[in-house]
Amino acid sequence: MPKNSKHVKVSAQETTADIFQLDGIELILGDVFTKLAQIPDDSVDLVIADPPYGASSATPAVLPENHGLKGFGGAWKAADHSWDFLDPADQLNSVASWLSELKRIVKPEGSIWIHGSYHNLGFANVVCQSIGLEIINEVIWFKRNAMPNLRGTRLTASHEGILWVHKGGPKKRKYNFNYEAIKSADYPEDSFKTAGKQMRTVWDIPNNKTRFELSFGSHPTQKPERLIQRIVDIAGVKGGTLLSPFAGSGTDLVVAMRNGMKGIGIELEEGYFDLASRRLIGEAERLKSQLPLGNSE
Ligand SMILES: C[S@@+](CC[C@H](N)C(=O)[O-])C[C@H]1O[C@@H](n2cnc3c(N)ncnc32)[C@H](O)[C@@H]1O
């Protein structure tokens, strides 16, 4: 571990929490419902929330061994993670609770991005509209290499949604939007975006990860760094702070570090907290040695 990193048990007052700190990034082991309360009002520039979607199933489908389907990252089980089981009766209250906290914490010129599927985004949409978070855009992340519907009972689910919201309301739309940089940017893997064209709300970003992204372990719902890079390109602020309240494997924080942002992450599960810490150490070392990122698998 580099000298300037710390993995400390915090003191008496907070006996259950661990904190990992490195190069302007702080990752907290704990529950958003208590940890967000410790973050000051109007203090972060960008929030990327990738909460549990509530898509877990008790009847996991398994791809046959040696299925040979490239880009699906090996044998696949339908989502079946304990942290993803949400009681529908509680979901509205739960989303309202953490989104209200995020609204308090984000700066007036900042913004919040919320990932999801039909399982959770409807709740988030209703909450945003009821607590005064104005929806700027709803983005569709098109996953051209989505895994097939193995039972043939549904259409192949090949997108996720992302809500981009801010707290200013229609009369105070001062959220950071790197409009010119985004318009001139080229994203070669995206068939909908070329340099000089405005970015659309449909993003064609394959779900593949680079070998480097997976080299410290993996998370079952790990986002590709390219997707998070896109969000930071649009609404990031150099030297500003990114908050990742459901940090998972730390993808948002790794991208924050890469882009010269400070970061705060919160993750409930110790295994993912450790994975994210390892990834951050790896990214700090890669940045220092200026090694390239490499291609996707
Ligand atoms: C959808 S995953 C995030 C994946 C992440 N974007 C990545 O790229 O690795 C959601 C994460 O939130 C964590 N989580 C669930 N409930 C939580 C809570 N109440 N407080 C903090 N983290 C929580 C889960 O353990 C899981 O790792």
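**Note on the predicted model**

1. Leucine 46 has serine 111 as its bridge partner in strand 5. Strand 5 (residues 106-116) runs parallel to strand 4 and is joined to strand 4 by 5 bridges. In strand 9, leucine 46 is partnered with leucine 242; strands 4 and 9 (residues 241-244) pair in the parallel sense over 2 bridges. Pairing requires at least two DSSP bridges between the strands. Helices (H or I, at least four residues) and strands (E, at least two) are DSSP runs, numbered from the N terminus.

2. This is a predicted model: local features need pLDDT of at least 70 and side-chain atom pairs count only at pLDDT 80 or more, while totals for chains, interfaces and linings use all residues. Residues are numbered from 1 along each chain as its sequence is written.

3. Strand 4 (residues 44-49) is mostly covered, with 6 of its 6 residues buried. Buried means 20 or more other C-beta atoms within 10 Å of the residue's own, exposed 12 or fewer, and partly exposed in between, with C-beta atoms placed from the backbone.

4. Proline 188 lies in the loop between helix 4 (179-184) and strand 8 (202-204). Proline 188 counts as exposed because it has 8 C-beta neighbours inside 10 Å.

5. The ligand is surrounded by 19 residues, the closest being Phe246, Gly248, Ser249, Thr251 and Leu268; the criterion is a C-beta atom, placed from the backbone, within 6 Å of the molecule. Helix 1 (32-35) and strand 10 (262-267) each supply at least two residues of this shell.

6. Mean pLDDT, the predictor's confidence in each residue from 0 to 100, is 86 for the protein, and 82% of residues reach 70 or more.
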